[in-house]
2 protein chains.
Amino acid sequence: MRTSQYLLSTVKETPADAEIISHKLMLRAGMVRRLGSGMFSYLPTGVRVLRKVEQIVREEMNKAGAIEVLLPMVQPAELWQESGRWDTMDAELLRFKDRHQRDYVLGPTHEEVITDLVRREITSYKQLPLNLYQIQTKFRDERRPRFGVMRAREFLMKDAYSFHLGQASLQQTYDAMYSAYCNIFNRLGLDYRPVQADSGAIGGSVSHEFHVLAESGEDAIAFSDTSDYAANIEMAEALAPTGDKPTPSQALREVATPSAGSVSDVAALLQVANTRIAKTLFVLAEADEQGKQQLVALVLRGDHELNELKAEKLAGVASPLQFATDEQIRALCHAGPGSVGPVGLNIKIIADRSAAHLADFIVGANKEGYHFNGVNWERDISDYQIADIRNIVAGDPSPCGFGHIVIKRGIEVGHIFQLGEKYSKALKAGVLNEEGKHQIMTMGCYGVGVSRIVAAAIEQNHDDNGIIWPDAIAPFQVALIPMNMHKSVRIAEVTEQLYQQLTAAGIDVLFDDRRERPGVMFADMELIGVPHSIVIGERNLDNQQVEYKNRRSGEKAMLDIASVVTDIQQKITR
Amino acid sequence: MRTSQYLLSTVKETPADAEIISHKLMLRAGMVRRLGSGMFSYLPTGVRVLRKVEQIVREEMNKAGAIEVLLPMVQPAELWQESGRWDTMDAELLRFKDRHQRDYVLGPTHEEVITDLVRREITSYKQLPLNLYQIQTKFRDERRPRFGVMRAREFLMKDAYSFHLGQASLQQTYDAMYSAYCNIFNRLGLDYRPVQADSGAIGGSVSHEFHVLAESGEDAIAFSDTSDYAANIEMAEALAPTGDKPTPSQALREVATPSAGSVSDVAALLQVANTRIAKTLFVLAEADEQGKQQLVALVLRGDHELNELKAEKLAGVASPLQFATDEQIRALCHAGPGSVGPVGLNIKIIADRSAAHLADFIVGANKEGYHFNGVNWERDISDYQIADIRNIVAGDPSPCGFGHIVIKRGIEVGHIFQLGEKYSKALKAGVLNEEGKHQIMTMGCYGVGVSRIVAAAIEQNHDDNGIIWPDAIAPFQVALIPMNMHKSVRIAEVTEQLYQQLTAAGIDVLFDDRRERPGVMFADMELIGVPHSIVIGERNLDNQQVEYKNRRSGEKAMLDIASVVTDIQQKITR
């Protein structure tokens, strides 16, 4: 491609409305333009990257035995009513009527459509397992679209759905998808991790997320510093402290803590570590038969944070988690949230494993401006349960049993689920099994955020000058930058010759044939992140050489014109 | 691909609800399934064809210098309000609101979005010309979706839009697109014709359609039997008869034509050829200043048909064309439609060129049950205009001046338009020209119906046994059909070896490894239209041979196992 015949559309100024670096750089590098809230037009440079990601995903899915289909974006409401999601999903599911006033949705995902398709096509266990995928546009009417294509409303996704007779077959395909995803992210050239994850609203039990590691990531991931263990901290188990609980040695006593509302206030006032303090949070219990909801007290060590996902999964706790209001807390404890604690409460009390391991600790006294010191479980709080309800933190022992936890941030770009029978049961999707009996199919589903990968790759690969693409998904692998080509026939000829040779070798080349100053060309090629640059200048031509520069390492080298193609081929990572 | 690991989904029975052969065969061959009215899920065999068509279109667009972009399917209403189409388009434009009650449309086409994008990106004539395309899903809420994917609501389209400073540049890109389209349809292996066309609701002047010729085509196309001339009969010019008009020789006389309402009735009754009769049709005129619409009389030779598109373009005629009601005709002529004519009418009268060439002809007398014979222009009807308002018919002289007209039927699969300034003016999309002045850009647009091509290819290429794919878009190029492989180790081994060799050579092979009777395998491979079949049987293996069969020609041949790959490579049309 020659820049004169291309739509480069680079922008010098950093766009004001972009919050994260990938969004800024995708705008500046001429990859996307905003059409409306959460909707982006892809310019040529953006499309080139998107198509390369798409093709790698497609090839690896095919290799793993998945078969490509293409399902409509517009879906009849009836299927969503059958699965129940017409009622359970909020406004994120965009609903509309056609000219005949029939109800439809814009597909945010395709479990219903594929399950309907498969229940009509597949009748016998002999046709299973089956793994169908598509690469297709999705629409989710996010309340607050942001971060550019990272959290857009319209986006490109690869979604796959597998169908099985039983768990063993599902596990086999799940493992194959796990490997395929590793192959995909390896080929994309990204630093990623598969992590254990919660399966959330999609349903099912076992689930892994694939994260591109980047400081700007929305998710925190817990790694073992010794083993392969990695989990989203949403679901990483925080183990109970090892060893026996310290023996109680103090009597319960009330201490005045005027105007000390937070753990750190109390710790400072009483001159103790915040690990000696237990904080108490109140959430709503599941409704009883009359529809009333009592409170539940959640007790955590002062230095720990509540893990809401773990808490809402506990029996007796309302899901999704709802925190009690100040009024509800005062009605129960006769004190404000800064002075409350579990002692003397007649409600369900759940202590985090670490909090439950404390002795002689400090809690709010349920009396405004007072705390209890020397508190001990059993003696002072007899009726309580122990559960893992906190976020794992750096330094915690890894739940895998090896090493300690390190926390890193990641961007979720893939997610695989063992769905089980959630959708197949609702849509009565079954086959005849070996005994000739009707059996509901077991399902898995496997997603990759194709357009999101583009942004995540930039979050992970950039510097002050712009994007640094991995070779596999670079819009162009090589930039040809001639110095004053329009004044030197020799430079024009050599550049043209190199362009022809490199292109003939199947390399994606951007030949910057604009009448621009060298500085402008260098800046643009760095901004759009071309991994390999070749500068054609008069002086080097005297030695039959051109200058090579590597975008990532900054490595410079002189290349003989005669061997440029083979030299470049060796430098490109396949 | 092995059938055991594929979703073949062929169906023996002809589906009852499919009207045309391509729809029937796409269902029977397991290519698509209906999800809802005008919405189809593509099964693996369908996707394979669709992707091949898509890739050929992409490659030829790239070669022609067009640059790929990707625009959102969901579009803000504001742009459609700006162009005016929010108000002028009917319910085919699907409108909906998002969670914040903002108005959107599901994109049926992208003139507005691309013009908005380009007016923001392009500021100088130096950046022109620019030709941007995308391959993307469209939605048109057709009142009556039918014929399977041929006239679906959701469909895959390649749409390109070019931007220019002036007509000369537009013409250049238009010509390049014309050539690119020829290359596309040549590579697809289809019998097609570019034809002059009307530009319809999209706007603009010059326009060509690309038609795949098939008896089932919805459009009639007029060809010259001598030259390259081809035009949609919607717009093929019917020339005036050559030679002088015959001299009038008869006096005007009233003849009784009781209960003869049609041209053929009158011709039979009066024992004349229908070419001696002129029929008169009444349509509404453009509204006058008071909003009233008079009638206009259109006079055609008895054997000719009105061309509505030509008529509605005439000055003074309401567009779109509206026929007068029986009541309106009776109020004007004091007779029913079977007895009306232009003699004595005080309204605008437009005679078709052929009708205007008549002398001593017959028309209704505006008196129930009577006609005039011996009618002559000027003498009997003094105030009239002459225009081309009929459909061209087979045998007419070609408007190109060479040869005569032959009519064939076609399926429109591509359409290129010189849009002019219709959208760029409405959206004020301009650039600074060489003189530094703001100038509105000139536009072209170029569409290919990617999913429609799949159906059109089948309409053109099928027999009683199923589809006959051209090599370039066949879901599989070669079918390997082993006879009783599950009983013969030798057959299994040879088939496996051929499968590996052919696949390694980059050929798309379907290895039918099912435990099915040979007849079932043959029928399925013919139904899904695999162009080349290789049958592996015991007897031929004794001679180190396999049997080859060509789906289209029926040609059979024995191939040496050792040379199968090179033999097949020679048979596949690239």
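Contact here means that heavy atoms lie within 4.5 Å. This is a predicted model, in which local features need pLDDT of at least 70, side-chain atom pairs count only at pLDDT 80 or more, and totals for chains, interfaces and linings use all residues. Residues are numbered from 1 along each chain as its sequence is written, chains are lettered from A and ligands numbered from 1 in the order in which they are written, and side-chain values use heavy atoms, with hydrogens and water left out.

**View 1. A:Arg301 and its contacts.**
A:Arg301 sits in strand β15 of chain A, residues 295-301. Strands are DSSP runs of E with at least two residues, helices are runs of H or I with at least four, and both are numbered from the N terminus. Neighbours within four places in sequence are set aside here. A:Arg301 then contacts A:Thr275, A:Ile277, A:Ala278, A:Lys279, A:Ser354, A:Ala355 and A:Leu358.

**View 2. The side chain of A:Arg301.**
A:Lys126 is 175 residues from A:Arg301 along the chain. Their C-alpha atoms are separated by 54 Å.

**View 3. B:His304 in its loop.**
This loop of chain B runs between β15 (295-301) and α8 (308-312), and B:His304 lies in it. Is B:His304 buried or exposed? B:His304 counts as buried because its relative accessibility is 3%. Buried means under 20% relative accessible area, exposed means over 50%, and partly exposed is in between (1.4 Å probe, protein chains only).

**View 4. Partners of B:His304.**
Not counting residues up to four places away in sequence, B:His304 touches B:Lys279, B:Asp352, B:Ser354 and B:Arg390. With B:Arg390 there is also a side-chain polar contact of 3.3 Å.

Chain A has 15 helices and 30 strands. Its C-alpha atoms fill a box of roughly 95 × 70 × 50 Å, taken along the principal axes. Of its 574 residues, 59% count as buried. Take the contacts between residues at least 6 apart in sequence: 68% join residues at least 24 apart.

**View 5. Domains of chain A.**
An automatic or database domain assignment sets the bounds. Domain 1 covers 21-71 + 107-214 + 411-458, domain 2 covers 253-387 and domain 3 covers 478-573. The C-alpha centres of domain 2 and domain 3 of chain A lie 66 Å apart.

How values were computed: A polar contact is a pair of N or O atoms within 3.5 Å; within protein, one must be able to donate a hydrogen and the other to accept it, and residues adjacent in sequence count only if both atoms are side-chain atoms.
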